[in-house]
Amino acid sequence: MLLDVSNALRNLGESFPFTHKEKIAPQIILGETIEFDEPVLLSGTMEANQGVVYLSGELEAVVRAHCSRCLEPMSLKLKVPFNERFVRQGERSIFESLDEFEEVQAFEGYQIDLSELALSLAVLELPISFLCKEDCEGLGYEQGLENEVNACQEAYSEHPFAALQKMLTKDQEV
């Protein structure tokens, strides 16, 4: 959907509140499907000055995924603050005056497409792995793996090369 910024462009320097709802399609991230409850909400203020529209506010979203340990469905609430600048596409002098590292997005007319902004903010805020709770036990196989590792460490704790020593036959020893 598009955000109408015509009031801000007509009244330069004046701040206007906005609320915008955006749909984000399910995303496949690291092989897992992440879904966003609808709608993702962007709210805050907009202000225009000399062909640049400044948006600041917060994105609110609910993400649905599966716990990385127990694979149970779970949800996570996201709240992401943002400050973004949008430059009208015909304003070449503004683009030329910007530092090469300054982030701005272009728009045409009196409306700004916020779909890419919403997607970027939401995806960048996702955790590396989802946990239903901090002390999630998982499926139970982790305990077995830990016991197996401990047994291996005990078996070869007498000497770092004990495993290699057992592989040698008496003929090979020097």
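Strand β3 (residues 27-29) and strand β4 (residues 32-36) run antiparallel and are joined by three bridges. Helices (H or I, at least four residues) and strands (E, at least two) are DSSP runs, numbered from the N terminus, and two strands pair if DSSP finds at least two bridges between them. The model is a predicted one, in which local features need pLDDT of at least 70 and side-chain atom pairs count only at pLDDT 80 or more, while totals for chains, interfaces and linings use all residues. Residues are numbered from 1 along each chain as its sequence is written, and side-chain values use heavy atoms, with hydrogens and water left out.

Within this pair, Q27 has I34 of β4 as its bridge partner. Two residues lie between the strands of the β3 and β4 hairpin, where L30 takes a positive phi near 50°. Strand β4 is also joined by two bridges to strand β6 (residues 52-66), and these two run antiparallel. Here E35 stands opposite R64 in β6.

A nonpolar core is a set of buried Ala, Val, Leu, Ile, Met, Phe, Trp, Tyr and Cys residues joined through side-chain atoms within 4.5 Å; buried means under 20% relative accessible area, exposed over 50% and partly exposed in between, for a 1.4 Å probe and protein chains only. The largest such core has 36 residues, of which V53, L55 and L59 touch the most other members. Two or more residues each come from α1 (6-10), β2 (16-22), β4, β5 (40-49), β6, β7 (73-88) and α3. Strand β6 gives the largest share, six residues. Apart from neighbours within four places in sequence, L59 is in contact (heavy atoms within 4.5 Å) with residues including V40, L78, F82 and L121.

C70 is buried, because its relative accessible area is 14%. Its contacts, leaving aside neighbours within four places in sequence, are C132, C136, G138 and L139. C70 and C132 are 62 residues apart in sequence, and their C-alpha atoms are 8.2 Å apart in space.

A pocket is an open set of points on a 1 Å grid over the protein atoms alone, where a 1.4 Å probe fits, with protein on both sides within 12 Å along at least five of seven lines; lining residues have an atom within 4 Å of a point. β8 (105-107), β9 (111-113) and α3 (115-125) each supply at least two lining residues. Among the lining residues are F86, F107 and D113.
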